[in-house]
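Hi,

Here is the structure I promised to pass on. Have a look at it first, and my notes on chain C follow below.

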Amino acid sequence: MSEWTEIVDYFRGRSMWMLHYCTGCGAIELPPTMTSRWDMERFGITPMATPRQADILLITGYLAIKTLKRVVYTYEQMQAPKWVLGFGSCTINGGIYWDSYNVIESLDKYIPVDIYIAGCMPRPEAILDAFVKLKEMVQKGEAKGYEKYVKNYDWYKANQDRVLKRTSPVLKEIEKVTKIG
Amino acid sequence: MADIIDEIKSMDLKTSWLGDWEFEVLTPKDRLAATLSYLKAKGFKAFMGLSCVDWIEEGNFELVYILQSYDLALEAIVKTKIPRQRPVIESMGTLWKLCEVYEREMHEFFGIEFTGNPNLKPFFLENWLDIPPLRKDFDTLAFSEELFEFKEDETHGIKSPKRIE
Amino acid sequence: MELNPLRESNDDYKYYELFIGPNHPGIEGNFSYVLKMKGHTVEEATPDPGLLHRGFEKLMERRLWTQNLALIPRICVPEPDVNEVAYCLGVEHMMGIEVPKRAQYIRVIVLELARIASFLFGISGLGGTTGHYTSVQWLIGDRDYILDLFEWLTGGRVYHIYQYPGGVKNDLPDGWLDKLSDFLDYLEKRLPEYDKFIFQNPIIQKRTVGLGYISPEDAIENGLTGPNLRASGVMYDIRKAQPYLVYNELDFDIPKTGDGDAFSRVLQRRLELGESIKILRQCVKQIPEGPHKTKVPNPFQFRVPKGSYYSKVESSRGEFGYYIVSDGDVKPYRVYVRGPSYSIGLYYATKALIGMRIEDVPVWIHTTDMCPPDFDR
Amino acid sequence: MVIVEFLIKLAQGFGIGALALATGLLFGGIGRKIMARIQRRYGPPFTQNFIDLFKLFSKGSVSHGWAFDLGLVAGFAPMLAAIMFLPIGPFTLLPSDSSLIMIVYLMMMAYLGMAMGVLASGNPNSAIGMSRALMLMAGYEVPFAAVIFSVYLFSKTGYLTQIVAQQSGGFMNWNIVKMPLGFLAVEIALQGMLGEKPFDQAIAPAEIASGPMVELGGKYLGFGMIQHSVGLFLETGIVVDLFLGGAPNFWIFIAKQFVLYFVVILVDAILPRLRIHEATSFFWKLPLFLGILQAVIVIIQGGVLNV
């Protein structure tokens, strides 16, 4: 069966559909990547309108808490095999928003990331490079983030709930000092 | 242009030029509505923005209404102070409906109550339980470290299972 | 499945909810409208912002005056330079710094180039929503020439971080102005093609003429600015009315379309793009020799005197305003950012979208050229 | 013997189905390439659609109930069935006296099956998309029916092989020369049948997030793609048989199909999308007028002038 898997992986790498969800400011470099100058369709990468059809979830930059919730929904709606690309420094460690109260710091704690692209903002060449890398990884059968998600579902869910389903103030002692009225 | 300044001065309000095209008007809280409607009648028809400054040391919130007149090519910046302990002020939604959206934002970010504004629901933030974030005593770094920066093994109150590679 | 006996009389069954965004190709950026629909018609629209909220105003209070220059371009992604210039203008006014003539010209060049890039992006949005993909490909492709010029000048394609209180960071590289002229020649050659392909296209006209009419009174009352305001017939441009930088030395017109519908809003952008080319040509001719920056204190001693100031710049979307408050410290006390899309995206859309058919909603959104990062901040 | 004949027919049926699918996919791939070149870019390899289809069938998929599954099968099965009645070059698997009516009927069945499937997904976007698709069908089927009627009157038969035979003997015998108005009407209707701009309201990504396909993923989307590809083959094929004189062999047949598809792609590249009611009312105006005019001309020629 391993030959069959290899063939399947080969074709999966040649046809990766990307979800057309602009999660952050990195989305501004996607139109040049998609259009006539860089034309990522020549690698078989096409933007798709809905998560059901997509193979790649591109997290283009920082994630506000509100967006994280949508991203998790979206990721879970996508069908395996699926891959996540963390785009820009903000997804790695918060980047320039390292001290922001509304931006998560490390994407890998909430959903499994297969490839990070460093930089703010990464150039279209870097994006294409990441896609080609991902293609190689897929064809070698190395990009297995979605399996990691299934295996560690509780861990990821706990991390997500920690941010999304807060029931008490995060900074308790300060809350005691200043209360409205 | 100058007569407006003179008229405002005759109304017992402090006013001064901030730049070539803009002047500020300091008004007490109870005369805010009157000042704004006076300016609106004088041609400052466009409402450009509402902001707030948290003067934590003197214990006040300063509300800043930015108005624009297209005929005079002037900007009027109306400022009023309300106590930080009881931040309540009437809504300007009767003058500009648009203002209610800004008030909703200020309510969320500073915790100011606008009486008469029916729509003060959460706007930009979801499930926010701490003090309003743009207040000076809110420590965003501590918040960020507490909520987002945690080691993989730390539990933080939630039973966090170990990650399998 | 159970059928409700009250189905006919129950209002809940007449309506359904439809999300335009955040994960939807028809919305601009990461932003959402929750539409209450009846058939194909919108009955109620509720904006749901905050998906891009990063708390800029809080973060800026924690950084030095000059550190903030790296932060603020991120507020408006398609056209970041207006943020830097507006912030610098505010800081310079409060500190009383005189900016050299050459630096002012360079700033105008950067602003106008960014405006052209943003207009090309904005017009391509119309193509994307109406399915006119060839125009998207062409316009975005041409926009890349501008990004290349920026990259040569500043080192960054999207975020330039090129302005600094007291001037700009580097002088223009040798030969840059010639390349700029070449690009302008190229663009002027392309524009008639675009006019024919997009603005004279009968289906584009059919879909946008008469859509989402905004009267001048409505436009003023609801805080619309920039091309959206001018398309409604209120000919107010900050560059003309309250000239900053060297705009009073440059000769340009404010084109008048004045119908107030979706088509005239896009056409307004197209015509203003032509005026920007005119401005750039003059700048290339008139730019004086001289220093490109003045001496300012080092970043750790960079203190702005006590006070407040509202500085504003005409961006491609409208008025970008920075209300800056200083208490004399090395960090700003408070910075408030007035994004041009705020009033139209969060307030006016809730009125304008009512009664619109579902296929017109994305077209309306894109013709107003709203940019969610600038009101989410 | 009957069993052997049946088995041969069955094998031939599979073969024709596969052939139609492969041709449809290849056309789609070449169409993407042409589109890319118009848009000043390189474009995907022309085999891209095969890779996409293979990948879709290797993906996991979520079902939305039995009606969803059944609907998608009901969506592509009639398309495949219709191919069997179509003369492909000199070859027809199931010759029938009423093959024209049969094909038109089966084509409509396919869309209704698709409608049943996607409506079961319960997503409002697919409901809007499907209502648009059916409304558009109500638009293009009317001029198409008018043209079919004229062809019937002209050829005095509904047997496609016979219609093709009547057109043999050179270019001047083709129906496109004899009924130019009808061909024009069918060409416009073809744009709508294939769902290319300006008539791609049903899948408009920027408006309703790709409409009927919004909940389709993996294998289900694969079935949708098969339906589209076979539909492409069928719809261009029937126009070739009706107006372009059929073909002496398979290669000329697909060459003629490709010419039709090429025109469709060119129109698709330069026009944006109409609103749905504008599209339907457009079909009821110009193409319908052309179709009816053609029928009237045929009646006058045949009945009054007795040509």
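In chain C, β1 and β2 (residues 32-38) pair antiparallel over five bridges; strands are DSSP runs of E of at least two residues, helices runs of H or I of at least four, numbered from the N terminus, and two strands count as paired if DSSP finds at least two bridges between them. C:Leu18 sits opposite C:Leu35 of β2(C).

Before I go on: this is a predicted model, where local features need pLDDT of at least 70, side-chain atom pairs count only at pLDDT 80 or more, and totals for chains, interfaces and linings use all residues. Residues are numbered from 1 along each chain as its sequence is written, with chains lettered from A and ligands numbered from 1 in the order in which they are written.

Back to that pairing: it belongs to an open, antiparallel sheet of three strands, ordered β1-β2-β3 in chain C. Its edge strands, β1 (16-20) and β3 (41-48) of chain C, each pair on one side only. From one strand to the next the twist averages 25°.

What about the chain overall? Chain C has 14 helices and eight strands. Its radius of gyration (over C-alpha atoms) is 22 Å, close to the 21 Å from the globule rule (2.2 Å times the number of residues to the power 0.38) for 377 residues, so chain C is as compact as a globular protein of that length. The C-alpha trace of chain C spans about 80 × 50 × 35 Å along its principal axes.

Cheers

Note on methods:
Axes are lines fitted to C-alpha atoms, for helices over the stretch in contact, and angles run from 0 to 180 degrees between N-to-C directions.
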